[in-house]
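Today I opened a new notebook page on charged side chains.

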Amino acid sequence: MTDVITVGGLTARLDRPVDGSFSVRLSGRSASRDAQVALQPMFDWAIQAATTISTELVMSFEKVEYLNSSSIAAIVQFIRTAQLRGLSLRLVYDGRQKWQVTTFEAMRLAVRPLESSLAPPIRFETGR
């Protein structure tokens, strides 16, 4: 089963595989000046879906073409929210795209201070 939500130029597909894990595949561009407000419904939707069965949420950004600074800040806030809700989170990006490598490495460093021994794992991985 796949659910789809589109926010501006960004589309998210929530896959519910047989194994019970949740995967959100994002594609397109996020250039909203107020990305926190624009993307919040999508992030809430993904967190709600994953927490219903207490599983890991995999967010795949490999097909995202562009994220502005407002979108990056919104993703960092999303990561914090996932941590506070006790959700295990994996962010997958395209290791062949320099802008994605730079962006997700910076995000990884930004959320590191939020990690504690009690916090669920937040993993950043290259997918391609």
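I began with aspartate 94, which is buried at 2% relative accessibility. For my labels, buried means under 20% relative accessible area, exposed over 50%, and partly exposed in between, with a 1.4 Å probe and protein chains only. Aspartate 94 pairs with arginine 96 in a salt bridge, their closest N and O atoms 3.4 Å apart. I call it a salt bridge when a side-chain nitrogen of Lys or Arg lies within 4 Å of a carboxyl oxygen of Asp or Glu. Arginine 96 is exposed, at 59%.

A note on my source: this is a predicted model, where local features need pLDDT of at least 70 and side-chain atom pairs count only at pLDDT 80 or more, while totals for chains, interfaces and linings use all residues. Residues are numbered from 1 along each chain as its sequence is written, and side-chain values use heavy atoms, leaving out hydrogens and water.

Next I searched the whole structure and found six salt bridges.

I then looked up glutamate 56, which is buried at 19%. Glutamate 56 meets arginine 123 in a salt bridge of 2.7 Å, N to O. Arginine 123 is partly exposed, at 35%.

Which residue forms a salt bridge with arginine 90? I found glutamate 56 there too, with the closest N and O atoms 3.0 Å apart. These two are 34 residues apart, so I noted the pair as a link between distant parts of the chain. Arginine 90 is partly exposed, at 21%.

Conventions: Helices (H or I, at least four residues) and strands (E, at least two) are DSSP runs, numbered from the N terminus.
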